[in-house]
Amino acid sequence: MKKDTVDLICSVGELASLFESDAGLKGFLQKVVSLVAYHMKAAVCSVYMFDEATGELVLTANQGLNPDCVGTLRLKLGEGITGRAVKELRAIREGRGSSSPFYKYIPGTGEERYEAFLAVPILNGNQRVGALVVQDPQPDYFDDNDVKALRAITSQLANTIESAKLLMSLHEPAALITPSAGFFAPSSTRIIHGIVACEGIAMGRALDITANDQGWLTDTASASSLTEDDFLRALRKTEEQLAELQRQLGERMSDVATLVFDAHVLILKDSGFSGEMQTRIRQGNPPDQAIRNVIQMYVDLFSNSSNSSLREKTHDVRDLGLRLLSNLLMRTSESADYHGRIIVADDLLPSDILKLSAQRAEGVVLIGGGVTAHISVLARSLHMPLVIVKEALLTKEEKAQGPFIILDADQGHVLINQTSDVIHQYQSLLNARADGDSAAALVAPSTTTRDGQRIRLMANINLLSELPSAQRFKAEGIGLYRSEFPFIVRKSIPTEEEQFRIYRKVLESMPDQEVLLRTLDVGGDKMLPFFPAVSEANPFLGLRALRFSLRNKDILIQQLRAMLRAGAARPLSIMFPLVMAVEDFEEAREVVQACIRALKDEQLPCNETPRLGVMIEVPSAVELAVELARASDFLCIGSNDLIQYTLAVDRTNPNIANLFIPHHPAVLRAIKRVAEAATSQGKPISLCGDMATDERIIPFLVGAGIHAFSMDPKHIPRIQQVIAALSFKDVCRLAGEIINLGSVKAVEARLSITP
Ligand code: PEP
Ligand code: MG
C-alpha cells in the first residue's frame, strides 16, 4: 500500500483522536509515533524531546527500535542525523543514513537495519521542542512529500508536544515554584468603567477565572454521598465534552482550529492529575474534595511557575476543575459550557478567546493590562464583547456566588448586581438588536450616494468563519484578509499546504469579486507566541509587518507561495503592510517574482500576474504616495496605523486613548493627499481601518476621493445608509473646506463631532 501523507495527517480530527484513550502523556506520544509510522508506512518512527537543562535529545516514544532505548537513549545537540537536524533547525533526509557524514551508530538500538532516514525538528517558532524521526530499511524510501508531511505534523503538534513536555517536567523536581501574588478588595451594586476592546452588549453570571482564590474551588461543603464511580463518570463526561468542543471548533473554524483543547486533555489524562484524584478518593476523601484539592495544587504550581508557558495553562486547569466538579455534582446548567456567563479574566491569549467562544461565553471582562490588537480583532470576529478594567472586579464572596453582570461593551461599562429594571432595559436593547440584524440582511447589493456616485463596501476578514457574514451582508469583495490569525492562534507556523487551503477558501468565497490578501502583519503588540520574543524598547517602531517578513524570508516565501498557488486561475491581489519606502515594496515584489519562477519550475499551478499593493500606514508612505502608487498596482490606507503613526499615539495604550483622534486635521490631510496621489497615477485606492465605520468622517472620506471601504461586514448596512444619504457634490465641497482647517476643534465643528 502506498504512503498516504499530507491529507490524512493534516486533519485535526485525526490528531484529536490521538487523545482517545487513557494512556496518559507517554501514551499520547506513543500514539503519535504509531499514527505517523502507519501513514508513512515507515518501519521506525520516534519522538525525541529536547531537554534544555542538559541540552540533550531524549528518545521519548518509539515504534520499531529496541523498546529498552526509550527514556535512556540520549543525543547531544548536533549528534547524529537527528541531533544535527534539531541543532540546525532544519529537516534532514538521507537516502542511506549509514553513508551520511552525520550518521552515528548507536549500539543496542537495532537501527543498523534501517537505511532511509528522515529527521524533522519539532519547533515552536525557533524554540527546540524535539524531533520526529522516521526510518526504513529500503534506501531512498522517503521523498519530498514525506518531508512536507512530517513538517505538517510537527507544525500541528508542536504546541501539544510542548504542553506534554511541560507536564512531564512537572513530575520532576518542583523547581518551578516562586512566591505567590497578592489579593484585592470588595463592594456591591455598582458600575465599573473600563476601556472597550470589542463592542457589544452581553449579560450573564460572572465566572471568575483570575489567578486569585476562587469560591468554587475552596467550597468546603462536600457532597459526602458521592463515590469513586461518580468521579469516573464525571471524568468520562469531561473527556467527551472536550472531544465535542474540539470537533465543533474544527467544523466551525478550520483555519484556526488546531488542538486548542489539547492541554486540557493532556492534563486530564495525566496520572498525576486524575490519577491523584482517584488515589485520594480511595484514601477516603470525598470525590469533590479530592478534585478541589488536586486542582488547587495544580493551580498553585502553574500560576506560580516562572515558566510562562506553564503559567498560561492555569486557565486550562481551572476550567478543567470547573468541568469536573460540575459533571460530578451534576450541575448541568454549568457543565457543558459557559453559556450565560461573563468571564472575568486577568490575562488572555488569542487561543483563550477562541476557547471561550467555543464554550459559548457571552462576554469577557479583562482585569488590568492592555489587550493586544489581535485579541480585540479576534474578539470582534467572534462577536465576543470585551472590556478592560483597571482593578479587580469581584469580592471573594462574589467570586463564589457569580453575581449577575451586564457588560455594556459599547460604552465600556461593567454593571454589577443591577436592579431588574436595568436588566430589563438591556434585555430590550438586545432584542431590538437581534431584530436589527435580520433587517440588515436586506442590504442592497451595491452602494451609491444619492446623486449616483458608486462606493464599494467590502469586508475585513480575520477568520474563515466570517466569510458567510461577508456574503450575507453583500460585501463587494474582501478589502483586507488579515493572514496572521492562523499563525497566532495555532501558535505555530502553518505549513505552505495549510496556508494554501486557507487562502483558497478565502478566494473561493468571493469568486467574482476582488479579494486583497495581506501578508503577515506581526510585531508591535501582535507577537507570534512561538517566535523568540525580541526585546524592543519600542516594538511599534520595531521589527513589524513587512519588516518582519523581509527579515524572515523563509516565512514570507512560504506564505507567498501559498497565496500564489491559491490564486491560480483567478485574479489575485496581495498587499504588504507597513511599507515605508519604495525599496521595501520593491524587495517584496522581487520575492514574489522569485516565488513565481520557483513555482513554475516545480510545475505547480499559480497566479503569474498578481496585483501587488502597498498599505499606506506611516507618514513616510504618505510623503511618497505618488511614487508608491506608480510602483504598485493599488494602494490601501490602514487608518488604524496611519492615525497611530501620524499622531504618535499608541493605538493600544488606554491611558492616551483620548489622544487617538481619527478626525485630526493632520490625518485627514494625509488621507486626501494619498487619495489624490493614487488618482494621479490611475491606481485604485481603498481604506480598511476602523475609520471606514465612523459615520461622522465618511462624508469627508468620500469627498476626499476614497470610494472603496473595507470593514467588519456587520457595519455594511449602516454605512450603506449613511452613504445613500450623501450628496457627492456636497461632500466634495466639504472635503475641500476641511482640508483647510487647522485645528481639531474646527474639524469637529464642521463635521458636528462632539468631543
Ligand atoms: C490598519 O492599520 O488600519 C489596518 C487595517 O491594519 P491592522 O488593524 O491589522 O493593523
Ligand atoms: Mg495596520
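Predicted model: local features only at pLDDT ≥ 70, side-chain atom pairs only at ≥ 80, totals over all residues.
Local features need pLDDT of at least 70, and side-chain atom pairs count only at pLDDT 80 or more. Residues are numbered from 1 along each chain as its sequence is written.

**Exercise 1.** Find the order of the strands in the open sheet of eight strands, and then its edge strands.

*Solution.* 
- Step 1: Strands are DSSP runs (E, at least two residues), numbered from the N terminus, and two of them pair if DSSP finds at least two bridges between them.
- Step 2: Read across the sheet, the order is 7-14-13-9-10-11-12-8, with mixed pairing.
- Step 3: Strand 7 (190-193) and strand 8 (195-198) each pair on one side only, which makes them the edge strands.
- Step 4: Now look inside the sheet: strand 9 (residues 201-208) runs antiparallel to strand 13 (residues 404-408), over five bridges. Here Met203 stands opposite Ile406.

**Exercise 2.** Work out where the second largest cavity lies and which residues line it.

*Solution.* 
- Step 1: On a 1 Å grid over the protein atoms alone, a cavity is a set of points where a 1.4 Å probe fits but cannot get out; lining residues have an atom within 4 Å of a point.
- Step 2: The lining consists of Ile209, His264, His315, Asp316, Asp319, Tyr338, Leu348, Asp352, Lys355, Leu356 and Gln359.
- Step 3: Domain 2 (186-212 + 336-419) and domain 3 (215-329), with bounds from an automatic or database domain assignment, both give residues to this lining, so the cavity lies between them.

Definitions and conventions:
Chains lettered and ligands numbered in written order. Heavy atoms only, no water. Helix = DSSP H or I, 4+ residues; strand = E, 2+ residues; numbered from the N terminus. 1 Å grid on protein atoms, 1.4 Å probe; cavity = no way out; pocket = protein on both sides within 12 Å on 5 of 7 lines; lining within 4 Å.
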